[in-house]
Protein chains: 2
Amino acid sequence: MPKANPLVASLPATTPFVGPERLERENGRPFRARLGANECNFGCSPGAIAAMDKAARDEVWKYCDPEIHELRAALARHLGVSADEIVVGAGIDNLLGLTVRIFSDSGGAIVTSAGAYPTFNYHVAGYGRRLVTVPYCDDKEDLDALASAANRENAKIVYLSNPDNPMGTWWSGAAIEAFMDALPAETLLILDEAYGELAPESALPAIDTGRGNVLRMRTFSKAYGLAGLRVGYLFGPAELCAEYHKVRDHFGVNTMAQHAAIAALADRQWLAQVTMQVEAARKHIAAIGTANGLHPLPSATNFVTLDCGRDGEHATRILNELNARGVFIRKPGGPGIDRCIRVSCGLPHELDHFEAMLPEALKAAG
Amino acid sequence: MPKANPLVASLPATTPFVGPERLERENGRPFRARLGANECNFGCSPGAIAAMDKAARDEVWKYCDPEIHELRAALARHLGVSADEIVVGAGIDNLLGLTVRIFSDSGGAIVTSAGAYPTFNYHVAGYGRRLVTVPYCDDKEDLDALASAANRENAKIVYLSNPDNPMGTWWSGAAIEAFMDALPAETLLILDEAYGELAPESALPAIDTGRGNVLRMRTFSKAYGLAGLRVGYLFGPAELCAEYHKVRDHFGVNTMAQHAAIAALADRQWLAQVTMQVEAARKHIAAIGTANGLHPLPSATNFVTLDCGRDGEHATRILNELNARGVFIRKPGGPGIDRCIRVSCGLPHELDHFEAMLPEALKAAG
């Protein structure tokens, strides 16, 4: 029989995330509260729905535009950059894989925080690259430690999410800019701003594609409510962007995603409404946690991380007890931060169900 | 600045296909006949449209099922195989890239026909693998030459499309099975059956996932009319399928694609209708070609390849003259077969426009 090459053969059969659909199949019933994947339970813009309806009739029989011209043009206007400073992909996941593939090799180090986004690590392993991790500090990504590791290793890539997933914490734009200045010029910074639209403006550095070693990634999966369509983008120097076009799947960003994203981006009113709904839900989740003796961390995202006050096993028991009671959540897995659970901003009836189940779950977890 | 690794840095800035949207932007006007990408101009099943409408409202805010469970189950029933013998990807393009990544390494050879599907070659180059080509013979992929090259090189992978793109010709299922038997057991055969639903049944080998070195690929982009959604699949031995889950983008098959594909697969009546429309269009294209002194090749696909009787430059001139007259077509590029143009099965008014423009284009091409 044919064999996978030694790299792929050596990889474990793993997946960065188990989908809630699988848990529902195993449980034999749907979750009553879907609060684990940091989706936008409030839905997407009606304009995006209208664009999808039109595309279903007029567009899906055609191959999508491989240059993603209209969406890149809309993003360029939105960001105030040029279209060749933007690469659109099938979600940030897709762009992370391409970035590892392009900007590292089997020798160089790739730096991230222990417990940060696991799909990034999945790609690092999948391409046989070398991962170097630094711990979180005070429930934030440790900028000094990341910069030190990047300098010490002369790293090919350093990954940082701001606001952070899975903790919800964030640094100011000024702190991020100082971090950029502290990196070697040849180290590529991936600044994952998946939650950027939901953060205070002060958390986002000024847009400056003149920084030669920074690529910033954003998505339509979070604030814009289009997670299922798979569309994200990065922006940065045109010279770096050009490398993606040599290896990406040129037809990989589907038609629905291209049309819906343009409409979603244009609907500032819907985004403002979602932002308010997210803020209200964050307060609600924090209050539920506090009332049950859990400590809510500050959040600039569409989820709230709750410190359960003990160790990782304890937090995992709470998670399992909640899952068994129809509440889908996830939790941080890194050392130290694994004492927490992570609850996404859901609809009021979902948070009510979480509130009703949490006391029982805590009791059962011991 | 960060640098792409030596492999990516060495790659040309290329794309396997220029999209018609780009040509339209350059021409300053839309094509009147979109006959170049072998799409299903007849559209998709109304059931698929209904599924997309529902998904736009109820599903797209959620991440898609990373296990693609429902679609794999439907495909398993359809093919009479088990769900773990199926891998779904974001189109065959995505699966071809993964296959090269998994089942070859920098040393081994990969065999294809000179002028066969360029996106496969793009992935081979993108992963730094070694491509070995054999010429077409009598406008068909040369099974004996492909098997000889695979044996001589002890190839990691051999790629064959049946029915063939870009020629439209095909081998019988029996000939394909004999070809399978002639390959080394450790050589993986990718049998690309993108046009399988439009071919005579006799062109498709019996389904037998017990063949340890064969992966067959199919798509919803052709007969099913969902090219823009990006969804294709492969089937073969579970041991080979398992390797894909170690490196694929688990959330890479979007929600719309998953729902629409299930509905499209279930609508056998729509497929039968499209098959009839394709047959009628093939006859129409062949007749137009013959009336203008071009020789139509037999076709088991949704396009007809027309032999223009001279060389590649002549055929390219005809193509350019047609494009300038609002007719989007493409053409084979391999040695010998490049004397042809390729015309997709379009709507009657599109073929009428092709018919009206062809005499002028031939005259202008000289």
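**Helices α11 and α13 of chain A**
- In this predicted model, A:A281, A:H284, A:I285 and A:I288 of α11(A) meet A:L351, A:D352, A:F354, A:E355 and A:L358 of α13(A), where contact means heavy atoms within 4.5 Å.
- Helix α11 (residues 268-291) of chain A and helix α13 (residues 348-365) of chain A have axes 10 Å apart and pack at an angle of about 5°, and α11(A) is therefore roughly parallel to α13(A), a term for angles under 35 degrees.
- The contact of α11(A) with α13(A) has six nonpolar, one polar and two charged residues, with Asp, Glu, Lys and Arg counted as charged, Ala, Val, Leu, Ile, Met, Phe, Trp, Tyr, Cys and Pro as nonpolar, and the others, Gly among them, as polar.

**Relation of the two copies**
- Chain B is superposed on chain A by a rotation of 180° with 0.0 Å of shift along its axis (RMSD 0.0 Å), fitted by least squares on the C-alpha atoms of residues with pLDDT of at least 70 in both.
- The two copies are thus related as by a two-fold rotation axis, and in chain B the C-alpha nearest the axis belongs to B:D53, at 3.0 Å from it.

**Basis of the values**
- Residues are numbered from 1 along each chain as its sequence is written, and chains are lettered from A in the order in which they are written.
- Local features need pLDDT of at least 70, side-chain atom pairs count only at pLDDT 80 or more, and totals for chains, interfaces and linings use all residues, while side-chain values use heavy atoms, leaving out hydrogens and water.

Methods
Axes are lines fitted to C-alpha atoms, for helices over the stretch in contact, and angles run from 0 to 180 degrees between N-to-C directions. Helices (H or I, at least four residues) and strands (E, at least two) are DSSP runs, numbered from the N terminus. Angles under 35 degrees count as roughly parallel, over 145 as roughly antiparallel, 65 to 115 as roughly perpendicular and the rest as oblique.
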